[in-house]
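Hi everyone, thanks for coming. Let me put the structure up on the screen, and then we can walk through it together.

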Amino acid sequence: MVEMMAEIDQVFDLVKQAQQAGWSPPKDHPDLVPPKETARMATLFASLADDAESKALPAEYQAMLGKAIAESRALDAAVRSGDTKGAADRMTAITKGCKECHVVYRDK
């Protein structure tokens, strides 16, 4: 679980760079492909649902994870369809959800 969360953090940073570049590859990182990274984020969040350590956490965590999975999939769909407003809204929701979950489950 820790490894997946660390990878999510790395991917999140790449997705933020893509967002700042208007959902295009940033000039200083031309090999960054926004839909590849948003898909990777969605896959990583979904993988947490099958992780034994993640499964052992309480219902509140499971609800937060379910929301992260749904929001990351919606982010990926928005980026792929060119919906920049929807993508920005999904990033805001994911950021908020991560912070809320970390307060309870990581930052104790």
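Let's begin with helix α2, whose buried residues pack against α1, α3 (52-55), α4 and α5. Helices here are DSSP runs of H or I with at least four residues, numbered from the N terminus. Buried means under 20% relative accessible area, exposed means over 50%, and partly exposed is in between, with a 1.4 Å probe and protein chains only. Before I go on, please keep in mind that this is a predicted model, where local features need pLDDT of at least 70 and side-chain atom pairs count only at pLDDT 80 or more, while totals for chains, interfaces and linings use all residues. Residues are numbered from 1 along each chain as its sequence is written, and side-chain values use heavy atoms, with hydrogens and water left out.

So which residues of α2 are buried? They are Pro34, Glu37, Thr38, Met41, Ala42, Leu44, Phe45 and Leu48. Looking down the axis of α2, these buried residues fall within an arc of 160°, so they line one face of the helix. The arc is taken from the directions that run from the helix axis to the C-beta atoms. As for length, α2 has 15 residues and reaches 22 Å from its first C-alpha to its last, close to the 21 Å expected at 1.5 Å a residue. That expected span is 1.5 Å times one less than the number of residues.

Now over to α5, residues 84-105. Its 22 residues should span 32 Å at 1.5 Å a residue, and the end C-alpha atoms are 31 Å apart, which agrees. The buried residues of α5 are Gly86, Ala87, Met91, Ala93, Ile94, Cys98 and Cys101. Down the axis of α5 they fall within an arc of 170°, so these too line one face of their helix. On the other side of α5, Lys85, Thr92, Lys96, Lys99 and Val103 are exposed. And what covers the buried residues of α5? The cover includes α1, α2 and α4 (59-81).

Glu71 counts as buried because its relative accessibility is 15%. Leaving aside neighbours within four places in sequence, Glu71 is in contact (heavy atoms within 4.5 Å) with Arg90, Ala93 and Ile94.

Next, the largest pocket, which holds about 740 Å³ of space. It is lined by 31 residues, of which Met5, Gly97, Cys98, Cys101 and His102 lie nearest its centre. The elements that give two or more residues to that lining are α1, α2, α4 and α5. The largest share, 11 residues, comes from α5.

Finally, let's visit the loop between α1 (2-20) and α2 (34-48), where we find Ser24. Is Ser24 buried, partly exposed or exposed? Ser24 counts as partly exposed because its relative accessibility is 32%. Apart from neighbours within four places in sequence, Ser24 is in contact with Ala18 and Pro34. Trp23 is found in that loop between α1 and α2 as well, and Trp23 is buried, with a relative accessible area of 13%. Trp23 has a positive phi of about 65° although it is not a glycine. Most residues other than glycine have a negative phi.

Key: 1 Å grid on protein atoms, 1.4 Å probe; cavity = no way out; pocket = protein on both sides within 12 Å on 5 of 7 lines; lining within 4 Å. Points joined across faces, edges and corners; volume = space filled by probe spheres on them.
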